There are 2 protein chains.
Amino acid sequence: MKSIIAEKVEQAGNILRELQIDAWLTFVRETTETGDPVLPLILGRNLTWYSALIITRSGERVAIVGQYDDGAVKSVGIWAEVIPYVEGIREPLVDTLRRLDPQKLAVNFSRDDVTADGLSHGMFLALGEYLADTPYGDRLVSAENIIAQLRGRKSAGEIQRIRSAIATTDRIFDEVAGFATPGKTERDVARFMHDLVEKQNLDLAWDRRQCPTVNTGPESMIGHGIPSELAIEPGHIFHIDFGVRQDDYCSDIQRCWYVPRRGETEPPEAVRRVFDTVVAAIQAAAATIKPGVECWKVDAAARQTVVDAGYPEYRHATGHSIGRSAHDGGSILGPKWERYGQLPYRKLEEGNVFTLELGIENVDGCGYLGLEEMIVVTAGGCEYLSRPQTVLPLLQ
Amino acid sequence: MKSIIAEKVEQAGNILRELQIDAWLTFVRETTETGDPVLPLILGRNLTWYSALIITRSGERVAIVGQYDDGAVKSVGIWAEVIPYVEGIREPLVDTLRRLDPQKLAVNFSRDDVTADGLSHGMFLALGEYLADTPYGDRLVSAENIIAQLRGRKSAGEIQRIRSAIATTDRIFDEVAGFATPGKTERDVARFMHDLVEKQNLDLAWDRRQCPTVNTGPESMIGHGIPSELAIEPGHIFHIDFGVRQDDYCSDIQRCWYVPRRGETEPPEAVRRVFDTVVAAIQAAAATIKPGVECWKVDAAARQTVVDAGYPEYRHATGHSIGRSAHDGGSILGPKWERYGQLPYRKLEEGNVFTLELGIENVDGCGYLGLEEMIVVTAGGCEYLSRPQTVLPLLQ
């Protein structure tokens, strides 16, 4: 079976032809310090000295790397030409560009998309110096469209890995539902989940301090907060935002429970109404999804559902790309807010995988209620990758 | 006891006064994707939306962050003013800069120093847009000197942590010497070392695939190669390059052994002569070190020792800064080669911690012989933090 790196580098060649860009340069150094998010997709290891990875629309693949990285890059098996150097990259880089002579040379910077913004400003200045006596300095363009499509169009192999990460996450949520009884604190639950993840030799999908986010009751800090010493109590909504990274691919799921007060056999009316609204908003978003639709429309469908039901608008996007990273960059299912730049105007493509997530704060003094599902865009619409939560279970 | 983050942020204020820079801006987003190497020093956690951390020479500390990161940043306890936003950072950022009104505003880009180059080119463009109608866009300067001094001047607490990481590394090398018998492969040894590190719940100091680097005999791939299936055999030099990260601080040490052939009771003359040369070169470097000396002179002392003994010049710098990262940026004990830019011209400062490392290839058909020690610059010279290897032991 072809490795995902081989699949992706081949896909990159096709995307270059489609976008009519002649060559794509990934230019990095000391990537254990400041990695380019593209590197795991096209190389799968770190580089030490100034390094250039060049893919062209006609199929060349050239890696120019410090001599000590030479062997490791060759062993990846997809970089047809590996050029090692000792004193400086300038000469082999300029020689290679003159030979390839691209009319458009894409490099990894992006105003809006962090996953396409791996070129540091210092490296951009270095590149400018190196290319000063060549025509190529004036031919630089952003690689953001290349990278968005490369990350966004998941192959069958990638989607299979995402499904596996979700299945693991579901099993962990099932165990949490048994562990998280009244009296346990947010931190107890986070620790329990970390232990499960470590026992299974998995990684978390994002920063350990905030994965999981655990919220119980009305005092809890919403958002990217750190699990606190607040204890689960009757009358609380109990909420978790969590994901794993398994075989390099991520899940990102939110689940909710209600902790009944003495004598309650179901959540209070007000809580149920909020839960139903959140479920309906996610379904409204899913119903809007199909290839060619602009992303902001998906957000608007969910957001309008919440507002129409009389609740305050949530202050984040309805969904983000997910795959190799929990926030996989490229398109965002968000409103046309300044901080999302051009990303909400991108069009959905088959094979894109997104979260659908939203919540409502201060629900009847019971806390925060939020859900998050994952979907893949199909030829005719979308398919849920997670099993959508449509019932609010009791935790007791 | 003050946390190292508190120590470092306080130190940053002093460095700004010393360098006469009014304000220092760290400008980041989605730092789990592309982190700024400065962030662990001044915040110690990740940020999601566009975020600005500002330290001024008069002591202000302002963090402007997305609302969901608000609580986590406050809980660090050293950011006196935390300004959360919802729709975009432009307004609170511009307002804050107008209030502070810096004549010089340092941001994290550097042509030469990767640890001071955390600002992506896309974020640089975003900053330019935000500051377009203000005077501050023209007042941007590189923060590389701030960061080099901040990382380079180790506090007593930092040096203590580095000593502990070295002590752990020594214990691991002792165990390796018992495990690595003829017949074991490079990969066996790497696996054994990874197990030791995991049992002790430590991190590796750099990329797992290349930490440790293990080389046995003349066929082994030198440099940042991946441990292979080559087996340890009589007549081999056996070499390891390895470090741990413990309590956030790193070690980076190289050790060598000789595997005797039948009847040999000591390494061959040619191997001993190379070993003595490597030891002498490291000692020559150490003897050159004291505050105020330009870094390239330390490199030249070691390099000349090797060349004078009739061996080929090694193709890397004699030493690098080490601390929070194995390659801690700032000064480099390297020759005046293009790829080191201005770094070899920096002057040594008290409290700087460096490696001293070099090796010689193809030693008499026995393989690669290299050593690496760690030193701290003192008021009058330097002190070894590692116990320097001065004997080449037999491995059997």
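Let me start with B:Thr355, which, once its neighbours within four places in sequence are left aside, is in contact (heavy atoms within 4.5 Å) with B:Asp252, B:Thr318, B:Gly319, B:His320, B:Ile322, B:Leu333, B:Glu372, B:Glu373 and B:Met374. This is a predicted model, in which local features need pLDDT of at least 70 and side-chain atom pairs count only at pLDDT 80 or more, while totals for chains, interfaces and linings use all residues. Residues are numbered from 1 along each chain as its sequence is written, chains are lettered from A and ligands numbered from 1 in the order in which they are written, and side-chain values use heavy atoms, with hydrogens and water left out.

B:Thr355 itself lies in strand 15 of chain B, residues 353–360; helices (H or I, at least four residues) and strands (E, at least two) are DSSP runs, numbered from the N terminus. With a relative accessible area of 0%, B:Thr355 is buried, where buried means under 20% relative accessible area, exposed over 50%, and partly exposed in between, using a 1.4 Å probe and protein chains only. Its side chain also makes a polar contact of 3.3 Å with the side chain of B:Glu357; a polar contact is a pair of N or O atoms within 3.5 Å, where within protein one must be able to donate a hydrogen and the other to accept it, and residues adjacent in sequence count only if both atoms are side-chain atoms.

Is A:Asp252 buried or exposed? A:Asp252 is buried, at a relative accessible area of 4%, and beyond its neighbours within four places in sequence its contacts include A:Trp206, A:His320, A:Thr355 and A:Glu372. With A:His320 there is a polar contact between the side chains, at 3.1 Å. A:Leu204 is 48 residues from A:Asp252 in sequence, and the two are 9.9 Å apart in space, C-alpha to C-alpha.

Next, helix 6 of chain A, residues 144–152, is mostly covered, with seven of its nine residues buried. Those buried residues are A:Ile146, A:Ile147, A:Ala148, A:Gln149, A:Leu150, A:Arg151 and A:Gly152, and they pack against helix 1 (4–19), strand 1 (23–28), helix 2 (39–42), strand 5 (105–107) and strand 15 (353–360) of chain A.

Now to two pairs of helices. In chain B, helix 9 (residues 269–288) and helix 10 (residues 295–308) pack at an angle of about 155°, their axes 8 Å apart; axes are lines fitted to C-alpha atoms, for helices over the stretch in contact, and angles run from 0 to 180 degrees between N-to-C directions. Helix 9 of chain B and helix 10 of chain B are therefore roughly antiparallel, given that angles under 35 degrees count as roughly parallel, over 145 as roughly antiparallel, 65 to 115 as roughly perpendicular and the rest as oblique. On the side of helix 9 of chain B, the contact is made by B:Thr277, B:Ala280, B:Ala281, B:Ala284, B:Ala285 and B:Thr288, and on the side of helix 10 of chain B by B:Lys297, B:Val298, B:Ala301, B:Ala302, B:Thr305 and B:Val306.

In chain A, the axes of helix 4 (residues 90–100) and helix 5 (residues 121–130) come within 10 Å and cross at roughly 70°, which makes helix 4 of chain A roughly perpendicular to helix 5 of chain A. Here A:Arg90, A:Leu93 and A:Val94 of helix 4 meet A:Leu127, A:Glu129 and A:Tyr130 of helix 5.

Let me finish with some loops. B:Thr34 lies in the loop between strand 1 (23–28) and helix 2 (39–42) of chain B, and at 15% relative accessibility it counts as buried. Which residues is B:Thr34 in contact with, leaving aside its neighbours within four places in sequence? They are A:Gly35, A:Pro37, A:Val114, A:Asp117 and B:Arg29.

B:Thr34 and B:Asp364 are 330 residues apart in sequence and 45 Å apart in space, C-alpha to C-alpha. B:Asp364 is in the loop between strand 15 and strand 16 (369–377) of chain B, is partly exposed at a relative accessible area of 47%, and has a phi near 55°, a positive value in a residue other than glycine.

Finally, the peptide bond from A:Cys211 to A:Pro212 is cis, with omega near 5°, and a cis peptide bond also joins B:Cys211 and B:Pro212, with omega about 5°.
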